[in-house]
Amino acid sequence: MSSITLTNITKYYGNVEVIKKFSGVFEDKQFVTLLGPSGCGKTTLLRMIAGFEKPTTGEIKIDDVTVSSANNFVPPNHRNIGMVFQSYAVWPHMNVFENVEYPLKIQKIPRSERNKKVLEILKAVDLSQYAERMPNELSGGQQQRVALGRALVSNPRVLLLDEPLSNLDAKLRETMRFEIKEMQKKFGITVVYVTHDQTEAMAMSDKVIVFNNGIVQQIDSPVNIYSNPANQFVADFVGRINFLDADIFEGEIKFSGGQVMKYSGDKRGKAVIAVRPENIKIRTDEGILCGKLSQAYYLGDVNDCRIDVDGTEVRVIREGRTYGEIEIGANVWLDFDTYHVFEK
Ligand SMILES: Nc1ncnc2c1ncn2[C@@H]1O[C@H](COP(=O)(O)OP(=O)(O)OP(=O)(O)O)[C@@H](O)[C@H]1O
Ligand SMILES: [Mg+2]
């Protein structure tokens, strides 16, 4: 068992409140991602869980043990937590084996036991054949795996990963995502993962916590975060989306340009209608909104279109092979049945 419970956590740096009353439970063996823009407090929260920062108020428990509260503070080396920092630092003067072995040396584990454990971890992170190499003889992804191995070697109950893939190229990032996920399952660890990359959050997490300005916006499964965003910030931050200003009356939505669509919901007044570009179909016969195709970009797999609807640009993502079917400047209809209404 290794769940983490945070209750009413706030953190001030000087008089700036960086984390605002955060409460949440990270359940045993779950992969939870903290997602949010730069400066929103992700690293700060992670450092408080690890014990490198003390919350200004609130309580942190790992399982039933209080590790941080007004009158109790367990230092990082007694929390049994592995952490890979935002700028993963592997020690340049130690080879791969020695880097991974280091935490066990500090714990004064006997040599034979250390050897066995390091070899096991090197195998798990797929670095067995690189044991003798120095870090400067490794690729970024391999160094990343050294940092991961070093974090895993002491059998941590909890693994904290702070943007561990940010220094890697796109392809390697994708591979590493799955490797980390596999390792989490294999070792049955509770993972708290920090990223500002929404695709990464989607691909890896059981649960995503979306933050903005130190305030939780939504805690949910990746599917719900994407398909049922709690507010306009989440809708905008996760994935791509169009926002159309409108007024809602009994039975209809009137867009700012004057066009009208049927509505059976119970919201009223000024609102923003949010529609994802992949949820809009372009038709030449009839649809909900009419506009003019103003641009189309061929990106191989997709045809990324812009439609001018009464002066508002609407993005529509179609399959790549539809590119060129409709001429730029042509009048088109937009049709959609999936959308969100955010009251203003
Ligand atoms: N030691 C510190 N002293 C004062 N302010 C700090 C300190 N550490 C962080 N901050 C501030 O706290 C806020 C949150 O920082 P944090 O590092 O948690 O953000 P983040 O979400 O991890 O951002 P990024 O995605 O850029 O890594 C920022 O405004 C930052 O400037
Ligand atoms: Mg950070």
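I looked up Tyr339 and found that, apart from neighbours within four places in sequence, Tyr339 is in contact with Ile273, Ala274 and Val275 (contact: C-beta atoms, placed from the backbone, within 7 Å). The model is predicted; local features need pLDDT of at least 70, side-chain atom pairs count only at pLDDT 80 or more, and totals for chains, interfaces and linings use all residues. Residues are numbered from 1 along each chain as its sequence is written, and chains are lettered from A and ligands numbered from 1 in the order in which they are written.

I placed Tyr339 in the loop between strand E20 (331-335) and strand E21 (340-343) (strands are DSSP runs of E, at least two residues, numbered from the N terminus). Tyr339 counts as partly exposed because 17 C-beta neighbours lie inside 10 Å (20 or more would be buried, 12 or fewer exposed). I also noted 9.2 Å between the C-alpha atoms of Tyr339 and Ser227, which are 112 residues apart along the chain.

Next I checked the domains. The assignment gives domain 1 (4-236) and domain 2 (240-343), with bounds from an automatic or database domain assignment. I read that 5 residues from domain 1 and 5 residues from domain 2 make the contact. Their centres, taken over C-alpha atoms, are 39 Å apart.

Last I followed strand E10 (residues 207-212), which runs parallel to strand E3 (residues 31-35) with 4 bridges (pairing needs at least two DSSP bridges). E10 runs antiparallel to strand E11 (residues 215-220), with 5 bridges. I found Val208 of E10 opposite Thr33, and Asp220 is the bridge partner of Val208 in E11.

How values were computed: Contact = placed C-beta atoms within 7 Å.
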